[in-house]
Amino acid sequence: IVGLWTYKGQLEDAIVVLMRASNSKKFVERTESSVNHRLDDESFSLLEAYKASFPLIRARYGRYLATIQAQGNKIVLFGAGHQAIMFINILGISHYISYIMDDDPCKQGYFVPGTNIPIVASKILLAEPAIQVCLLALNPKFEKPITQKLSNFIQRGGKMYSIFPGSDMGTLLESNNAAY
């Protein structure tokens, strides 16, 4: 670890860790004291249900994204925040994502942690006609303003989906799109 910073946020804090690659096989052991809370029965049941459904969700995303890519289309994700990073890395879908779009110039020119996906400005949507699917990885309350901002993409036939189940926009898995 080269540096560690904490930034206070309105909804949650952000922790930034700057690391240098190493061949070291050191690891931190988890101790009982680091896991000192228990879930109640209802929360545990929800967690178990999610755990049981996760392999299916991961496989479905892989199939849908592979089909989109096999048709010669590119897939992008809008929003280079921690939820996008987790979505890509946990689902193991980095090889399907061409770009992460974020209009914060401080994020552009970098890569998403755990991947070699470049972070670029959203103007790429109209610059590359092969981009046909955009997954939104931002708070659902901002989906409508973003879709309005990117309406030219939708007008030319591009599709947008949220990564969050329950969003008014719907997810790729909820789309019932026969093409995938």
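**View 1. Buried residues of helix α2.** In α2, the residues A84, F87, I88 and L91 are buried (buried, under 20% relative accessible area; exposed, over 50%; partly exposed, in between; 1.4 Å probe, protein chains only). Because these residues cover an arc of only 90° around the axis, they lie on the same side of α2; the arc is that of the directions from the helix axis to the C-beta atoms. Just after α2, G92 adopts a positive phi of about 65°. Helices (H or I, at least four residues) and strands (E, at least two) are DSSP runs numbered from the N terminus. The model is a predicted one, in which local features need pLDDT of at least 70 and side-chain atom pairs count only at pLDDT 80 or more, whereas totals for chains, interfaces and linings use all residues. Residues are numbered from 1 along each chain as its sequence is written, and side-chain values use heavy atoms, with hydrogens and water left out.

**View 2. The largest nonpolar core.** This core has 27 residues, and those with the most contacts inside it are L77, F87, I100 and L135 (nonpolar core, a set of buried Ala, Val, Leu, Ile, Met, Phe, Trp, Tyr and Cys residues joined through side-chain atoms within 4.5 Å). At least two residues of this core come from each of α1 (41-70), β3 (74-78), α2 (82-91), β4 (97-101) and β6 (131-136). The largest share, five residues, is supplied by α1.

View 3. Not counting residues up to four places away in sequence, I100 touches L77, G79, A80, I88, V112, I117, P118, I119 and V120 (contact, heavy atoms within 4.5 Å). A second, separate core of 15 residues includes V120, I131, L150 and F153.

View 4. T171 counts as buried because its relative accessibility is 4%; G170 is buried, with a relative accessible area of 11%. Leaving aside neighbours within four places in sequence, T171 contacts Y61, Y161, S162, I163, F164 and P165, while G170 touches Y161 and S162. The C-alpha atoms of G170 and M160, 10 residues apart in sequence, are separated by 8.9 Å.

**View 5. Exposed residue I1.** I1 is placed in the segment before β1 (3-7). I1 counts as exposed because its relative accessibility is 76%.
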